[in-house]
Structures are given as structure tokens and as C-alpha cells.
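This report describes helix packing and the placement of charged side chains. The structure under discussion is shown below.

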Amino acid sequence: MSALELKQEHVLGLAPMDDIHREFMQLLARLDDATAPAALPVLDELVTHTEAHFAQEDVWMEASDFPPLHCHRGEHERVLEVLREVRRLAAAGDAGIVRTLVRELPVWFEHHASTMDTVLAEHIARTGYDAQTTLPELAEA
């Protein structure tokens, strides 16, 4: 069983964001636990979740007039490019790329959560914006 989980220091105090981050880490843990033949469907779930996760943060950033929106969004776009490429390579038979993703994506996430997402959560709290989960694919989770 994978040891991947949302670390307490990455709980930001913004419940909708913390919930999305928790689900992200749970999907990574499932991917970590998946055997090679079962990895592709879990990877698909992770890609779908991450697309919705980042789209939700985009909604919050735009609605709250978050100043570094473009920098934050740019990082999201780069991660999605990597996820989609990993998915393509995994579908072509490269099982090792999934193991690399499971090792590296949590490292990226910890840095992203402790910097960019922390600043976003603080901005939302400071401005009084009511951040709710508005995307159906995340609200159902």
C-alpha cells in the first residue's frame, strides 16, 4: 500500500482546495499501488482529475483577481503536458514512465502546494472571496 498522502503541512485551510488536493494524492497513491496492466485506467483518472483540479483553481484565480494568475496557470499547463505525454507513452507500452511519474509528481506537488497554492489560499482568505467547488466533476468526488 502506497505511503503517498496529503501531508499536514500542505493542508492550506481552504476546505475546497484541501479536498481537491487530498483526492489528487489519493489518485497518485492508487497509481503507485497499481500493477502495470491496471495503471492506465488509474492514470486516466489522474489526468481527468488534474484537468478539473487546475480548471477549478483557474476559476478561483480569475474570480478573485489573483495577480500572479498567468504564472500559476502556466505551471498547471506544463504539468498537464507532462501528464498527457506520460499517458501517451504508457499506452505505447512504457510502464517505467508511470513509475517515474509516481516518484516525481509528488515532489512537484509539495513544492507547488507550499508556494503557489499557499499564496492563492492566502489571497482568497485576504480578499474574502468565497471559494466553492463549482466544477461538477470535482463536486461529485
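Which residues in α2 meet which residues in α3?

## Packing of α2 against α3

The model is predicted. On the α2 side, the residues that meet α3 are Leu 40, Leu 43, Asp 44, Leu 46, Val 47, Thr 50, Glu 51, Phe 54, Glu 57, Asp 58, Met 61 and Glu 62. Their counterparts in α3 are Leu 69, His 72, Arg 73, His 76, Val 79, Leu 80, Leu 83, Arg 84, Val 86, Arg 87, Ala 90 and Ala 91. The residues of this contact comprise 13 nonpolar, 8 charged and 3 polar.

Helix α3 spans residues 69-91, and its axis comes within 10 Å of that of α2, with a crossing angle of roughly 170°. The two helices α2 and α3 are therefore roughly antiparallel to each other, since an angle over 145 degrees falls in that class.

Asp 58 belongs to helix α2, which covers residues 36-63. With a relative accessible area of 17%, Asp 58 is buried, because the limit for that class is under 20%.

Once neighbours within four places in sequence are set aside, Asp 58 is in contact with Arg 73 and His 76. His 76 lies 18 residues from Asp 58 along the chain, and a distance of 9.4 Å separates the C-alpha atoms of the two residues.

## Asp 18, buried without a salt bridge

Helix α1 runs over residues 15-33 and contains Asp 18. Is Asp 18 buried or exposed, and which side chain of opposite charge is nearest? Asp 18 is buried and has no salt bridge. The nearest side chain of opposite charge is that of Arg 22, at 5.4 Å.

Residues up to four places away in sequence aside, Asp 18 touches Leu 6, His 10, Val 11, Leu 12 and Gly 13.

## Salt bridges

How many salt bridges does a search of the whole structure find? The search finds 9. One of the pairs is Arg 30 with Glu 45, whose closest N and O atoms are 2.8 Å apart. This pair links distant parts of the chain, with Arg 30 in helix α1 and Glu 45 in helix α2, 15 residues apart. Arg 30 is partly exposed at 39% relative accessibility, and Glu 45 is likewise partly exposed, at 35%.

Another salt bridge joins the side chains of Glu 85 and Arg 88, with an N to O distance of 2.6 Å. Both residues of this pair, Glu 85 and Arg 88, lie in helix α3, where they are 3 residues apart, about one turn of the helix. Glu 85 counts as partly exposed at 34% relative accessibility, and Arg 88 counts as partly exposed at 48%.

Glu 104 is partly exposed, with 42% relative accessibility. Arg 103 has a relative accessible area of 51% and is exposed, because exposed residues are those over 50%.

Key. Residues are numbered from 1 along each chain as its sequence is written. This is a predicted model: local features need pLDDT of at least 70, side-chain atom pairs count only at pLDDT 80 or more; totals for chains, interfaces and linings use all residues. Side-chain values use heavy atoms; hydrogens and water are left out. Helices (H or I, at least four residues) and strands (E, at least two) are DSSP runs, numbered from the N terminus. Buried means under 20% relative accessible area, exposed over 50%, partly exposed in between (1.4 Å probe, protein chains only). Lys and Arg count as positive and Asp and Glu as negative; His and the chain ends are not counted. A salt bridge is a side-chain nitrogen of Lys or Arg within 4 Å of a carboxyl oxygen of Asp or Glu. Contact means heavy atoms within 4.5 Å. Axes are lines fitted to C-alpha atoms, for helices over the stretch in contact, and angles run from 0 to 180 degrees between N-to-C directions. Angles under 35 degrees count as roughly parallel, over 145 as roughly antiparallel, 65 to 115 as roughly perpendicular and the rest as oblique. Ala, Val, Leu, Ile, Met, Phe, Trp, Tyr, Cys and Pro count as nonpolar, Asp, Glu, Lys and Arg as charged, and the others, Gly among them, as polar.
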